[in-house]
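Please work through each task before reading its solution.

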Amino acid sequence: GFWDIWRENLGNQFVVIDKLRALIAKQENLRLVIRIHPNTKNKPWQVRKKWSKLESSDGVEILYAEDKISSIDLVRQSIGVLTFGSTIGLESGFLGKRVAVLCDASYDTFSHVTKCNDWDCVDFWLKSLKEKNTLSNEEKSSVFKRALFVSKAGVPFVNHEISLQHWNSWSPSINSGLVPSERNLLFLFYKVWHKLILQLIR
């Protein structure tokens, strides 16, 4: 997903889109599909207006935030994914796709990811997709290990267990006896308790 407020080594995202249009024009048999982040439709009207002005062109298709299309389906149909660090880059690894990130990301050291800090890198990555656009089982395994780390150690999923069914499928199962309303009450209790403790410390 592309956001307009991030500014990275390659420029803000509108600058990046213009540059990508130029790079894609030089590539044979490559088509760029830009998926504007679905959450953009919940942003202020000024932000929505800027993104609505983007138009498709030769070799470049713009999919707007309100378009009824699954980002995961787009990844499945792609040979590679470019992102500004969205979790779609990690999800793309689940689906066996190569990824280029244009800024820092929690997964940018993975073997299926190329971190690009300049346009020469982006150009090289685009050209390399023609030769190698699938992941080895070892590369896929590293992505799944990350998912296991997140679910078990990094940021635990309290109410779900994630099990791998096959390479492109994760099966979440609810393992908590708490209903959502009870979980919400516990979270509210924790917030109030935490605030009281901070007041006492001061």
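Contact here means heavy atoms within 4.5 Å. The model is predicted.

**Exercise 1.** Classify the crossing of helix H1 (residues 13-26) and H5.

*Solution.* Step one: the two helix axes come within 11 Å and cross at roughly 45°. Step two: angles under 35 degrees count as roughly parallel, and those from 65 to 115 as roughly perpendicular. Step three: H1 is therefore oblique to H5. Step four: the crossing in which H1 passes H5 is right-handed.

**Exercise 2.** Is Asp123 buried or exposed?

*Solution.* Step one: Asp123 lies in helix H5 (residues 119-128). Step two: its relative accessibility is 19%, and buried means under 20%. Step three: Asp123 therefore counts as buried. Step four: neighbours within four places in sequence aside, Asp123 is in contact with Leu23 and Gln27.

**Exercise 3.** Describe the strand order and pairing of the open sheet of three strands.

*Solution.* Step one: the order is S5-S6-S7, with parallel pairing. Step two: strand S5 (80-83) and strand S7 (113-115) are the edge strands, each pairing on one side only. Step three: neighbouring strands of this sheet are turned by 20° against each other on average, direction ignored. Step four: strand S6 (residues 98-101) pairs with S7 over three bridges. Val101 has Lys115 in S7 as its bridge partner.

Methods:
Residues numbered from 1 in each chain as written. Predicted model: local features only at pLDDT ≥ 70, side-chain atom pairs only at ≥ 80, totals over all residues. Heavy atoms only, no water. Pairing = 2+ DSSP bridges. Helix = DSSP H or I, 4+ residues; strand = E, 2+ residues; numbered from the N terminus. Axes fitted to C-alpha atoms, helices over the stretch in contact; angles between N-to-C directions. Buried < 20%, exposed > 50% of the residue type's maximum accessible area, 1.4 Å probe, protein only. Parallel < 35°, antiparallel > 145°, perpendicular 65-115°, else oblique. Left-handed = near helix turned anticlockwise from the far one by under 90°.
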